[in-house]
Amino acid sequence: MQLIMERIFRNATALIAAIIMVAAISSSCGSKKSDAETAPGHDARQSTESDTAHHPLPDTLRVATLYSPTSYFIYRETPMGYDYDMISRFCADKNMILDLQIAPNLNAMVEMLDSGKVDLVAYEIPITSDYTGRVEPCGPQSVTHQVLVQPKPKKDGKRISDVTQLVGQEVYVEANSKYHQRLINLNTELGGGIIIKAVDRDTLITEELIAMVSDGDIPLTVVDSDIAKINRTYFSDLDITLEISFPQRAAWGTSHTNRWLADSVDSWLRQEKPSQAQAELLKQYFEKSKESPSVEIRFSKNRMSPFDHLFREYAASIHWDWRLLAAMGFTESRYDSAQVSWAGARGVMQLMPSTARAYGLGGDRITHNRDNIATAAKVIASLDSQFAKLVSDPEERKKFIVAAYNSGPAHILDAIALAKKHGYDSQRWLGSVEHVLMMKSKPEFYNDPVCRYGYFNGRQTFDYVHHVFDTYSQALKIVSR
C-alpha cells in the first residue's frame, strides 16, 4: 500500500512540474517585455522609447524657459544659464534649431505647454501634484531644500547645525514668500522663539539678503539650495549646509501627449558625452568661484602694470586717460593674461570669445596682450558711441561705459529705460542708474515692457564700477599721466 502511495505522489509531482513548465513557456512566448523592463527599478516609460522611431524629432524644437540665475540670462551679450546650455547641446546633437521662448512665470510656461505653443520646458518644474497631471517630467532632475544662509564660523566659532538652535536667532526673509511661510511653520514646530524678520519685497530681495549676510549687515536668511549654491560662488564666506525643509524634486517637462519626446531627452542624457557635459555645467554654474581675487594693486616706480606702454598707446586712440584703462585691466584680471573667468572671458581685459570674434580677434590671439588690450579699446569706443545720445556728459558717460563693458550694454540700456520710467536720473550713474540696475533681479522689473533683456544680477557690475574708479583714483595720486 505504501509503495502505491509513493508512486501516486511521484506521478502527481511530475504532472504539476510539467504544467508549470508549459505555463512558463507560454508566458515567455506571449510577453513582449524585455528583461530590462521586468528588472527591479525599471522605469515603465523606457518601454516606449521605441516610440521615437515613429515620432521623428522636429527640425525646430520650441522650448520655453524663464529668466533666472539658474536657467537663462544674458551676460556680456552672451546667452547663458545651466538649462539653456543643456537644451542647446541637446538641439545641436540632434541637429535641431532651438526656438527659445521666455515665459513671464512658471504657470504661464506650463500653459504654453498645455496649449501646444511649445514642445518642451527647459526649466526645472517642481514634481508635485500641482503639475504632474499636466507635465511629463524628463531631462535633468534636481533635488533642492530650503537652507539656512549663515557666515562661515571664524576660528573657535560655532555655526548653527540644527534647527533647534534657531530659537532666539533673527532670520531675515522676503515677506509672504515660501521662505517666510516655512519659517512660520518651523517656528510653530519648535514651540516658538525664532525671531522672523519679514522684509518688504519692494525693499530687498533674496539675492540682496544673501549679500547682506556676507557683508555682516544681517545674521541669517533662508533660500533654496540651488540659489544658495550659485550665490556662494560670489560669496565664499557663507555656509549653506543646514537644510530646514523637506526635499523638493524638479525636472524639465513635456506634455503627456509628447511622452516620446521626453523619452528622447532622457535617452540622450544617459549617453556618456551629454552626461559629462552636464557635470561640467554644474561645476561652472554652481561651484566655480565668481569672486575677484582679493589682491591690492601696488604702484611702484610710477608704474601700474607690466603693460603700461600698451594701455598708454590704446587709451590715446579713444581719448581716455590710460590710467583708467589700466584700472579696468587690473579689476578684470589683476593683469594676469592667463586668467579665464567662469563665463569663459580671457586675457588681461577679459574678453568674451564671441566679442573678440566680432572685432576680428580669433583663436589664441585673444590672450596676446597687445591684441587683447587693442580690442578692448575698440569695444570701449563702440560703447562710447552707443551711449553718447543717452548720457551727454563725457565724464559721467565713462561710468556707464565701464558698467557696460562688465555686463554688456543690453542690461545698462534696460537700466536707463527703467530709470526714466521710475523717476530716477537716467544720466547719472552713482546713486541712480546703478541702483536701478540692481532692480533687474526682481521679476516685476525684468518683466517690465521697457526692460528688453530680462534677468540680471547687477551686484557684480555695481561692485565692478566702484572697484575700477577706486583704483583709478589711487593711480591719479601716485602715477603720472
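User: Is the crossing of α13 and α16 left-handed or right-handed?
Analyst: This is a predicted model, in which local features need pLDDT of at least 70 and side-chain atom pairs count only at pLDDT 80 or more, while totals for chains, interfaces and linings use all residues. Residues are numbered from 1 along each chain as its sequence is written, and side-chain values use heavy atoms, with hydrogens and water left out. Helices (H or I, at least four residues) and strands (E, at least two) are DSSP runs numbered from the N terminus. A crossing is left-handed if the near helix is turned anticlockwise from the far one by less than a right angle, and right-handed if clockwise; that of α13 and α16 is right-handed.

User: Are α13 and α16 roughly parallel or oblique to each other?
Analyst: The axes of α13 (residues 322–333) and α16 (residues 394–407) come within 12 Å and cross at roughly 30°. Axes are lines fitted to C-alpha atoms, for helices over the stretch in contact, and angles run from 0 to 180 degrees between N-to-C directions. Angles under 35 degrees count as roughly parallel, over 145 as roughly antiparallel, 65 to 115 as roughly perpendicular and the rest as oblique. The two helices, α13 and α16, are therefore roughly parallel.

User: How many charged residues are in the contact of α13 with α16?
Analyst: Leu324, Met328 and Glu332 in α13 meet Lys398, Val402, Tyr405 and Asn406 in α16, where contact means heavy atoms within 4.5 Å. Ala, Val, Leu, Ile, Met, Phe, Trp, Tyr, Cys and Pro count as nonpolar, Asp, Glu, Lys and Arg as charged, and the others, Gly among them, as polar. In this contact four residues are nonpolar and one is polar, and the number of charged residues is two.

User: How is α13 placed against α20, roughly parallel or oblique?
Analyst: The axes of α13 and α20 (residues 459–478) are 8 Å apart, at an angle of about 130°. Because of that angle, the relation of α13 to α20 is oblique.

User: How many nonpolar residues does the contact of α13 with α20 have?
Analyst: From α13 the contact includes Ala327 and Phe330, and from α20 it includes Val468 and Tyr472. Three residues of the contact are polar and two are charged, and the nonpolar ones number ten.

User: Which strands are at the edges of the open sheet of five strands?
Analyst: The sheet has mixed pairing and the order β4-β1-β5-β12-β6; two strands pair if DSSP finds at least two bridges between them. An edge strand pairs on one side only, and the edge strands are β4 (97–102) and β6 (136–144).

User: Which residue in β4 stands opposite Arg62?
Analyst: Strand β1 (residues 60–65) and β4 pair in the parallel sense over six bridges. Opposite Arg62, β4 places Asp99.

User: What angle does the direction of α4 make with that of β5?
Analyst: Helix α4 (residues 82–93) packs on the sheet and touches β1, β4, β5 (120–126), β6 and β12 (248–254). The direction of α4 makes an angle with that of β5 of about 140°.

User: How far apart in sequence are the parts tied together by Tyr82 and Phe286?
Analyst: Rings of Phe, Tyr and Trp (its six-membered ring) pair if their centres lie within 6.5 Å, and planes under 30 degrees apart count as stacked, over 60 as edge-to-face and the rest as tilted. By this rule there are 13 aromatic pairs. Tyr82 and Phe286 form an edge-to-face pair, 5.9 Å centre to centre with 75° between the planes. Tyr82 lies in α4 and Phe286 in α11 (residues 272–286), so the separation of the parts in sequence is 204 residues.
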